[in-house]
Amino acid sequence: KFELFPSDFTKGTQDIPINGLVWMGDKSFMQQQIKDKLQQGFTTIKMKIGAIDFDTELNLLKVIRKEFSSKEITLRVDANGGFTPKDALQKLQRLSELNIHSIEQPIQQGQWQEMANLCEKTPLPIALDEELIGVFTSEEKEKCIETIKPQYIILKPSLIGGFQGSKQWISIAKKYHADNWITSALESNIGLNAIAQFTKTLENPLPQGLGTGGLFTNNFESPLEVMNGNLHYNIKKKWEFNLE
């Protein structure tokens, strides 16, 4: 049955709220993506930034915020370490004017003091993502969170020691008042199924970052589907492993 963590989710009676991912591009492309996500029932949108000129990205975000208020959509941005310690704070200040929920990994991982400085001064919440990868012992994890004191941590179970590693990070982060959410890392539906079921056991009300395998040209057919901005487990659908 592929039921690793039985819950109301695997019974199909409760869904997991997730964010919709929007890719950077020109104005019309992004507006269309946002409209598509809203039509699909998403209320939290995550946007990748740091790939093109920052002023261009900021203007695109302004256009979106002008059209959709913070009551209509919650905006998360992911910089993927695209800022430098020198320019990050100024960029965060400009982003904060647009009612951004949070920013993931503004500077590259491994710069704990610089990140700590940002988290102390930031006008919008910072979420650690890549920062958690490669930090294995509980002592190292504690030192990371104690030093940086982020507002959020983002957990990719596949890359941070599985479910046990994720639980350890959550426990340590709570000591320092950092909230969290779970995200997937381009797993197939088999991996996504396991992560989604685990996520439900945490009962975290924040929209999660669980992908849906939409980038795959082939995947395993599964009961997982997106409905109204949520990940839903359709008990009427079966697993299909015939990929011929």
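Predicted model: local features only at pLDDT ≥ 70, side-chain atom pairs only at ≥ 80, totals over all residues.
1. Strand β4 covers residues 74-78, and five bridges join β3 to β4, with the two strands running parallel. How does the chain get from β3 to β4? It crosses through helix α2 (residues 54-67), and this β-α-β crossover is right-handed.

2. Now look at another partner of β3. Strand β2 (residues 20-22) pairs with β3 over three bridges, also in the parallel sense. To find this pairing on your screen, look for G20, which stands opposite I45 in β3. Helix α1 (residues 27-39) belongs here too: together with β2 and β3, helix α1 makes a right-handed β-α-β unit.

3. Is strand β3 largely enclosed or open? Strand β3 spans residues 44-48, and four of its five residues are buried, so the strand is largely enclosed by the rest of the structure. Here, a residue counts as buried when its relative accessible area is under 20%.

4. Finally, turn to the surface. Which residues form a nonpolar patch there? They are W23, F29, L186, L215 and F216, and together they have about 530 Å² of accessible area.

5. L186 sits in the loop that links β8 (179-182) with α7 (189-202). L186 has a relative accessible area of 62%; exposed means over 50%, so L186 counts as exposed.

Definitions and conventions
Residues numbered from 1 in each chain as written. Heavy atoms only, no water. Patch = residues over 30% accessible without salt bridge, like charges linked within 9 Å, V, L, I, M, F, W, Y side chains within 5 Å. Areas by Shrake-Rupley, 256 points an atom, 1.4 Å probe, with all protein chains shown as cover. Salt bridge = Lys/Arg side-chain N within 4 Å of Asp/Glu carboxyl O. Buried < 20%, exposed > 50% of the residue type's maximum accessible area, 1.4 Å probe, protein only. Pairing = 2+ DSSP bridges. Right-handed = clockwise from strand over helix to strand, strands pointing away.
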